[in-house]
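Here's a quick briefing to read alongside the model. Have the viewer open and follow along.

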Amino acid sequence: MHKLFFRILSDVSKRTFSTKISVPVAKEDVKLPTVLTDLFGRNHTYLRISLTEKCNLRCKYCMPAEGVKLTENSKLLTTDEVLKIAELFVKEGVTKIRLTGGEPTIRRDLVDIIYNLKKIDGLQIVAMTTNGLVLTKQLVSLQKAGLDILNVSLDTLKPERYEVMARRKGWQRVMMGIDLAFQLGYNPVKINCVMMKDFNDDEICDFVELTRDKNFDVRFIEYMPFTGNKWDVKKMVSYKDMVNKIRQKWPDFSPLENNPNDTSKAWKVPGYEGQIGFITSMSDHFCGSCNRLRITADGNLKVCLFGNTEVSLRDAIRNKCSDDDLTALISAAVKRKKKQHAGMMNISQMANRPMILIGG
Ligand code: SAM
Ligand code: SF4
């Protein structure tokens, strides 16, 4: 196993070397490719780390009804391994890390992880995506540890509907968590809302209404296919349909300027405090400007949310790889990143992990 691993690694390092000379660069802008630059010139500065596969909710679009087979604890990244991986990526240019899962607030060492991430030189932003269930208990400590940005997932403003979607109670607690986030000065509070036809698409204008007096940044996410989530194209509400629906009520609802790597398309009702974002992974992919990489809770580097190729950094670390060899392994994986994902229909037929095991 040990030998095999190093054989793969040396093979990978050779490939890294050979790919370096074939990276297309404009003559007037000759830049040597970095470890985190892929063959299409995309530089990856944003790392999403899944801290756990477990969750205290069972959202229908994320978790298969029969549950998921959890990786045994000894195979999940330890606190030190999470920090080691973070340090390696920051050294190579990552400036933003988002903690996700599963549900990251389940992890007992969360405060410790955030506190230590914030000590890494060069890391500018530590963000977290959470279902918000335990924010009233944890957010003060998380903020003290240094949590900069908070996304709370909320798909409905109706408590009884929440229970159907999440297969658990908890809507009031999430709302209290969001309220606390405002009180603690998170500005904006970002809300992730997966829109599904005939489930919550009748609430789209209610979510827009939230932005009237408060700096909510509501992100409508197109429903995406993952193994086990019974994805059906008929349940997907596209970006275009969402905009049309909102414009029926607010004809002057308008797009805002986006930053180059934004995955969300920002819009606003003029005069409203907050704004709306659309995450259009399905109808208008943003692969061309993708700057994200993902680490699963069991320590695999996943270069594309919709790709099923993974490389185990956990095994490499546990096999006592040097930092240089780890960096070569990461670089080779990044260089294998495809230009774009396989297209909406192909994705739905492709084997991939369930979302809960990838980390959103
Ligand atoms: N448990 C946390 C939460 O719910 O915010 C973090 C993990 S969750 C996998 C991250 C994000 O992925 C959530 O905002 C969730 O709504 C989104 N998500 C999960 N499954 C999805 C799907 N099939 N399509 C679109 N978004 C999805
Ligand atoms: Fe849990 Fe988040 Fe998935 Fe819902 S979306 S089941 S809260 S991981």
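Which residue in β11 does arginine 294 stand opposite? That would be lysine 302. Before going on, note that this is a predicted model, where local features need pLDDT of at least 70, side-chain atom pairs count only at pLDDT 80 or more, and totals for chains, interfaces and linings use all residues. Residues are numbered from 1 along each chain as its sequence is written, and side-chain values use heavy atoms, with hydrogens and water left out.

- Strands here are DSSP E runs of at least two residues, helices are H or I runs of at least four, and both are numbered from the N terminus.
- β10 covers residues 292–295, with Arg292 and Arg294 on one side, Leu293 and Ile295 on the other, and all of them buried (under 20% relative accessible area, 1.4 Å probe, protein chains only).
- β10 pairs with β1 in the parallel sense over 4 bridges (pairing takes at least two DSSP bridges), and tyrosine 46 has arginine 292 as its bridge partner.
- β11 (residues 300–302) runs antiparallel to β10, joined by 2 bridges.
- The β10–β11 hairpin has 4 residues between its strands, and glycine 299 in the turn has a positive phi of about 85 degrees.

**Glutamate 53**
- Glutamate 53 sits in the loop between β1 (46–50) and α2 (79–91).
- Its relative accessible area is 4%, so glutamate 53 counts as buried.
- The side chains of glutamate 53 and threonine 71 make a polar contact of 2.7 Å (N or O atoms within 3.5 Å, one able to donate a hydrogen and the other to accept it; residues adjacent in sequence count only if both atoms are side-chain atoms).

Key
Chains are lettered from A and ligands numbered from 1 in the order in which they are written. Buried means under 20% relative accessible area, exposed over 50%, partly exposed in between (1.4 Å probe, protein chains only).
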